[in-house]
Amino acid sequence: MAYINFKNVTFSYPENPAMPALQDLSLQVEKGQFVVLCGHSGCGKSTLLRLLKQEIKPHGAILGDIQLEGQSLLVENSSSKGIGYVFQDPENQVVADEVLHELAFGLENVGLSTNEMRNRIAEMVNFMGAENLLHRKTHTLSGGQKQQLNLASVLLMQPNVLLLDEPTAQLDPVSAREFLDMIVRLNGEFGLTVIMAEHRLEEVLAVADKIVMMEKGQIRLEGRPKEILPKVWDSSEKPYVPTIPSFYLKVFDQGQEGCGVGASSEVPLTVKEGRSWLRERRDGSPVYGYESTESTQLISEHKLDKPELPPSEPIIEVKNLFFQYDARKPSEAILKGLSLNLHKGEFYTLLGGNGSGKSTLMKLICGVSKPQRGKVIINKRDLKRWGRQELAKMIGYLPQNPKLYFIQDTVGKELQDTLEQWGLATESGEKRTSDLLNSLGIPHLTNKHPYDLSGGEIQKVALACLLVRQPQILLLDEPTKGLDPVSKGQLADILLELQSQGLTIMMTSHDVEFAAKYADRCGMMFEGRITSESSPASFFKGNFFYTTMIQRLFRGYTEDVVTMEEAIRIWGAR
Amino acid sequence: MIQRFEDFHPAFTFFYYMGVILLLMMFQHPTILVIALLIILMIHFVEDRFQNLKRWSLLIILSGVLIILLNPVFNQRGRIVLFIIGDHYITLEAVLNGSVTALSIMAIISIFVSYNEVMTPNKLLFLFSKLLPQFAVLLMLTLRFIPLMRRRLEEISAVQYSKGIAVTDGNWRKKVKNGLLYIQVLVTYSLEEAIQTADSMNAREYGKGERTTYDHFRFKKIDAVAFLWVGFLLIYCVIGRLYGFGVLTIYPMMDPIPLTGMEWCLAIGMFIFIAFPLVVKGGGRLKWRILISKM
Amino acid sequence: MGGAVGKSLKMRVLQLLLLLGVVGILASTLVWSEHYLWLSFGIVILAIIIFLLHFERRKIVAREIVLLAVMAAIASVSRIPFAAIPSVQPTTFVIMMAGFVFGKESGFIIGVVSALASNMILGQGPWTPWQMIAWGLVGFSAGLLRNWSVMKGTIGKVGFAIIWGFLFGWIMNIWGLLALTGGGTGEGGLLDPQVLIPYFISSALFDSMHAVSNVVFLLLFGGVWVKLLERFKMKYGLLEYK
C-alpha cells in the first residue's frame, strides 16, 4: 500500500471546467521517497501538490481519490497536519518582521506553550546553524536566507511529508544548491518524504528516487532518473534533460561506428559519473585519448563558428563609474571605478554573485540612478545630456520582475498605451505591433491580464511592449530566472533574432550555460568592477568552479570545450 | 545581573510612560513642569547624551516657542497687563497660560522620544498580542509589509522611469498622476502576491484553533516590585490632584505662583515617579560598585 | 486547556477595564471641566480600543487579514513617490478607496493600522491617536456612505473627498488647538471664536491642498481603483461582512 496514493484523480477549476488541470492521474509515493515533478508551467504540478495540503487546496471539482496512509484526504475534516508546504517565492511566505517571530508563528497557531516553542525553535536553529539570524529583521535577509527561513518554519511543525513548489526557482545558484542540500539531508537523514516540483533537474537527479514528467494534467513519464532520462530525451520534453546526460544521449543518438556510448553504459547523471564514463571510453578505445596538444585546433574551429565581431562603433561606454546608495557611507560603495564598452550589435552577458552590483549597473546605464562619479556615454553622447524621453526610446530595460512593468490590466491595453505614449498609434504602428506579437508567438494573449500569464509568457509580453518603441539597446536583468527549459530556449531564439536585426543586448545572469551558449562576450563582476571579460570560450576556459557542466566534464581531457555544441563537434569529428 | 530600564517587562514600561504623560497633563503648574522637564532631560542625558533628543529638538523648541508667543495673541484676558501693542493687551496671565501649556507639550514630546527608544515595535506588538491577538497579527503583518512595499516602490519607479513615466516630469497634474500610477501598480502587484502569504499562513495552521503567543518577555519579581512602587506613586499623585493641589489657577483670579508645602509634597511624589529610569540606573551603578568592591 | 474559557475571561477583564476607563473619564470631566479637552485624548483612545475589541470578536480568515495588512502598509508608504511634490497626501485616498470597496469596518481598521504602524516606524508622539482616529474615520465613513445614492455619483464622491480634506485637518487641529489654548474654555479658550477662526483659517491652506489632491486622485483614479479592488475582493473570496 503506497504511502501517498492518487487514484484516477481528475480535477478542474471552476473557471475552466472543460479543461481539467489534472486528468485521470494516478501516482504512488512510498514513505521516505524523494520524488521530483517536472513539466511546463501550467502542466498541473502545483495543483497536484496543493491537493495534498488540505489548508490550501484549490476550489474545484474533483473525481477519484487521494489517500495518505490509506486515509482519504477528500472527506470532510480530513487532516493534513503531517504535511509541510514550501512555496516558490521566498518573499511572499514571510509573515513576520523578525526571524524569531516568523519561526514562532506556526507554533503559536497550533497553540503550543512558550516552553515547547522555545525547545523546538532552539533545536531547529541549531540544525540550520542560524543562531545569529534569530533577531534579524526579515526584510534584511537575502532570498536564499528567506527560503531557508520558510523551510525552517515549516519544519518546526514536524511534518512527515514535505511538499515543495519550485522552491529554488527564484534563488541564485549558490543559494539554490544550499537549499537543495538541506532537502537532501532531510530526506536522507530524517526519512522525510519529499515531493518537489522543479525545472532544474541538474541538481536533483542524483538524489531523486523518482522523476515524474507531467504534461497537460497527465503523467507522461515516471520512473528512476536513469530509466526515465532516455525516454524524456526521445520525447518532446528534450530540453528538460540536463547537460551531462544529454551529452551522453546525443552521442548515443549519433551512434556512429566506434562512437557508441560503450558497453557498461548507464546514463551518467553527475559530473563524476560523466567523467568516469569518459575515462572508460578513452581507456577502452584509444581513439578517444584526447591530448591537450589538439586543443589549439579546437580553438580555431570555435572561432570559425562564432567569428569575433568586426570592430563596430561602441554604443555604450562606461568610464570609471562610482556608485553607492548611501552617500554618507563610501565603504558600502556598490561600483568602484567600473569601466565597460559595448559595441553595436553585441550580445553581452554580465555574470557575478548576488549583490555584486549587476542590477545597479543596469539602472545606471538606463539613467534610473545617478552615479556619484564617472561617466556613461551612450552613442557618443554623455548620459547627462540625453533627455529622458529620448533615452527611454533608445534603451529598453526589462527588470528582473517583469510584472512590475505593467500598468494596464490587459496586455492589449498596455500595448495600446505604449503606442499612444510614443505617438505610434497609427496604422503602421499597429501593423508593426501585430507583426511583433506574431513573431513572438503571443497574439493570443492580448486579452489576458498580465499577472495571469506564465513566467515565459509575461516576459515575452514585456519584451513586446519594450520593442514597440524600437529601442537600439536592450538591458535585461536576469531574464532566465525561474524559466522552464523550453521557455529559456524560446527566449534565446528571440534574443538572437533581435541581435541579428542590429539590437545591442546586455543581460545579467546566473545562468552559466545560457551565457556560454549565446553571448558574444561575458563579463565577471566582482568588488564593484568587471574583473574579467572575453568571449565565452576563453572566459570559462580557465575557470574551475564558475564554469559550464561540459567544461567540468572535459577538464583535463581538453581545456577548450565549453558548450555542448563544441563537445559534440569533437565527438563528431572523431 | 544588573537590571536596566529597558529590561523591564513591556507592560511595566508602557505603564510608566502612560503614567508620566498623564501626570504631565494633570499638573499644570509652571514650577512643577519645569522641574519635570529637567528630570526628563536628565533621563535623556544619562541614556545617550541627548543623541536621540537632538533629532527632535527643532520640533520641541518650535512648538514650545509658538505656543508661548501665540497665546497672548489670541488671549487678552487678565488683570496684570505687561505691555500694550496697538490696542492689544499682553497680560501676564496669558503669557503664563501659554508657558504652562508649552512646558507640558515640550515635556510630553520629550518623553515620547524616550518612549520610542525603549518601547520597540517588538514590545508593543507583544503587548497587543496579549490583549488583542488578532489585531496583533494584523499589525505584525503590516510592519512586515512596510519595508517590502518600500522596496517594491523603488523597483516600480525604476521600471516606470525607464519607460518614460516619472514623477519628475511635466506639470503638477502629470506628476501627481504618475505618482499614483506607481501606487496603483504596487497595489495590484502586492495584492496578487499576497494570496501566497495567506496560503503560507494557512499551510501553517493559521486560524485553525486557539492561538497562543510566544512569550518573548517574562514577568519577573522585579517587574512586580516596580509596578507596586510606581503604581503607589501614581495613586498618591492622582489623589492629591483630586484635592486640587498642583495646578496654577490663572482665571478668573491668579493664584500665587510659589508652591505651598502640601503641593511640594505632591510634586516630589511626581518627580520620583518620573525619575524612575534614573533610579534604576543609579541603583545599577551602586550594585555594580558593591560587586566590584567585593571582588 | 480551556482556551475558550481563557479567552472569554480575558475579554471580560478587558471590558471591565474599559468600563472603568469610561467611568473615570466621565468622573474626571466633572472635576476638571476646565481641561476637558485633555480628556478627549482619553476618549479618542477609548474609542479606538472599543473598536479594536469589536474587531477581535470576529474571527478573520488569513486572506482577509493579509489583504487588510497590504492595504494598510501601502497606505503608509504611499507618500514616498510624492516626496518631491509637497502637500500631496495619497494616504487618505488609499484608505478612502479601501473603505468604499471593503466596507466600513475594514476601512476603519486599515486607517487605524496604517497610522499606528507608520508611527511605530517613524516615531510616535501625542499625535498618534489623533492620526489613528482621523484616518480610521476616513475609511469608516467611506464604507458607511458607499451605498448612499448621493455617493454613487461623481459629485457625491468629490464632495466627500473635499470634506475629508478639511475634516482631517480639523481633527488633527484639535490636538494643535489643545496645545495652543491649554484646553481651557471660555474667553480666550478653546471655543472662543476669536481663537478658533484664525486657527482654522491658518490651517485652511494645507487642508485645501489636501482636499484638492483628494479630488484629483478621485477623478483620475477613483473608477479604476474601485474596479481593481473589487476584482481582488472576488479573488480573495471575501464575502460582504454586514
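Mentor: Contact means that heavy atoms lie within 4.5 Å of each other. This is a predicted model, in which local features need pLDDT of at least 70 and side-chain atom pairs count only at pLDDT 80 or more, while totals for chains, interfaces and linings use all residues. Residues are numbered from 1 along each chain as its sequence is written, chains are lettered from A and ligands numbered from 1 in the order in which they are written, and side-chain values use heavy atoms, with hydrogens and water left out.

With that in mind, 72 residues of chain B are in contact with 78 residues of chain C. Together the two chains bury about 6700 Å², of which 77% is on carbon and sulfur atoms; buried area is the accessible area (1.4 Å probe) lost by two parts on being put together, summed over both. On the chain B side, the most area is lost to chain C by Phe74(B), Gln134(B) and Leu191(B), which together make up 11% of what that side buries.

Three salt bridges are counted between chain B and chain C, a salt bridge being a side-chain nitrogen of Lys or Arg within 4 Å of a carboxyl oxygen of Asp or Glu. Arg63(C) forms a salt bridge with Asp199(B), and their closest N and O atoms are 4.0 Å apart.

Several helices (DSSP runs of H or I, at least four residues, numbered from the N terminus) each supply at least two residues of the side of chain B that touches chain C, including helix H3 (51–74) and helix H7 (172–203) of chain B. H7(B) gives the most to that side, with 24 residues.
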